[in-house]
Amino acid sequence: MLQIGSDTEGFRIDRAWACVHCLADGTEVTIRMLRPGDRESFLAGFEGLSRESRYLRFFTAMPRLPDSVLQRLLNTDGMDHAALAAWCRTSADTIVAVARFIRLRKGGDAADVAVAVVDHMQRRGIGRLLLAHLGEAARERGIRRFRAEVLRANHAVRALVRDLDANALPVAVDGSIAVYDLDVPAGDACHRLCTPDRSWYAERQ
Ligand SMILES: CC(C)(COP(=O)(O)OP(=O)(O)OC[C@H]1O[C@@H](n2cnc3c(N)ncnc32)[C@H](O)[C@@H]1OP(=O)(O)O)[C@@H](O)C(=O)NCCC(=O)NCCS
């Protein structure tokens with residue numbers, strides 16, 4: 001099992017890092033790296049994804065998470081595979097969103113990116129917020145490009161991709177799947193999101 005802080009030392013966003021945001025609607029959200037011990041709250045979050053959201057995230061009906069998949073999603077190395085999770089103050093034992101990157105090639109500067117937000121918290125800015133922080137973590141680790149494989153019918157994530165990189169166009173389309181290659185959000189993107197007219201921001205030491 002990974003030790004907290006052991007594999008992410010030297011990065012600003014390490015395993016001990018956490019931050020709190022207040023969304024535009026007043027909801028307080030805490031973000032930190034996902035840990036293996038988050039299993040129960042991760043599974044509770046999975047229950048908060050509708051059948052449609054699960055399909056959009058995993059490209060297959062996913063009535064339950066097979067243990068092998070769960071282990072892979074929880075056990076990140078913090079360097080080539082990192083995941084950020086969000087919790088709400090009102091439901092502290094349930095993860096409401098996860099965004100992750102997985103480096104495509106060892107030593108490379110491109111990574112696959114994926115994100116999911118529980119249905120009742122969608123369209124409140126959490127997806128954008130998590131990806132901005134994930135972008136900062138990715139840049140620290142030498143990643144410059146995100147590759148997003150999305151279902152073409154997934155208008156929400158395609159809009160989110162364009163929101164993050166206005167120049168992002170699908171580089172490949174294969175049947176029902178489109179692949180976007182986008183600039184990793186700049187390190188200051190999350191701070192711009194936190195300007196007082198959008199949200200209040202405080203960082204925990
Ligand atoms: C796609 C998803 C991650 C977006 O997260 P979110 O927290 O709801 O998105 P945000 O509130 O941060 O939205 C940011 C921007 O994305 C776009 N967007 C998000 N949801 C949208 C929707 N339903 N319709 C149109 N645009 C949408 C908008 O441009 C939005 O900015 P705005 O609200 O200022 O107009 C979320 O809908 C989700 O988890 N869906 C199911 C799983 C999934 O599709 N994952 C992606 C596979 S990689």
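Residues are numbered from 1 along each chain as its sequence is written.

**Confidence**

The pLDDT is the predictor's confidence in each residue, from 0 to 100. The protein chain averages a pLDDT of 90, and 88% of the residues score at least 70. Over residues 1-5, however, the pLDDT is below 50, and this stretch has 10 contacts in the model beyond near neighbours in sequence. Two residues are in contact if their C-beta atoms, placed from the backbone, lie within 7 Å. Residues 195-205 also stay under 50, with 16 contacts beyond four places in sequence. Where pLDDT is low, the predicted coordinates should not be read in detail.

**Strands**

Helices (H or I, at least four residues) and strands (E, at least two) are DSSP runs, numbered from the N terminus. Two strands pair if DSSP finds at least two bridges between them.

| Strands | Residues | Bridges |
|---|---|---|
| S1 and S2 | 18-22 and 28-33 | five |
| S2 and S3 | S3: 81-88 | five |
| S3 and S4 | S4: 91-103 | eight |

S1 and S2 form a hairpin with five residues between the strands, where Gly-26 takes a positive phi near 95°. A residue is buried if 20 or more other C-beta atoms lie within 10 Å of its own, exposed if 12 or fewer, and partly exposed in between, with C-beta atoms placed from the backbone. Seven of the eight residues of S3 are buried, so this strand is largely enclosed by the rest of the structure.

**Helices**

Phe-42 is found in helix H1, residues 39-47. Is Phe-42 buried or exposed? Phe-42 is buried, because 21 other C-beta atoms lie within 10 Å. Leaving aside residues up to four places away in sequence, Phe-42 touches Leu-74 and Ile-95. Phe-42 and Thr-94 are 52 residues apart in sequence, yet their C-alpha atoms are 6.6 Å apart in space.

Helix H4 has 15 residues and reaches 21 Å from its first C-alpha to its last. That is close to the 21 Å expected at 1.5 Å a residue, where the expected span is 1.5 Å times one less than the number of residues. H4 is mostly covered, with 12 of its 15 residues buried; among them are Ile-126, Gly-127, His-133 and Glu-136. Gly-142, which follows H4, has a positive phi near 85°.

**Surroundings of the ligand**

A residue is near a molecule if its C-beta atom, placed from the backbone, lies within 6 Å of it. Of the 23 residues around the ligand, Leu-56, Gln-122, Gly-127, Arg-128 and Ala-159 come nearest. The elements that give two or more residues to this shell are H2 (51-58), S5 (110-117), H4 (126-140), S6 (145-151) and H5 (155-164). H5 supplies the largest share, six residues. By class, the shell has 12 nonpolar, six polar and five charged residues. Here Ala, Val, Leu, Ile, Met, Phe, Trp, Tyr, Cys and Pro count as nonpolar, Asp, Glu, Lys and Arg as charged, and the others, Gly among them, as polar.

How values were computed:
Predicted model: local features only at pLDDT ≥ 70, side-chain atom pairs only at ≥ 80, totals over all residues.
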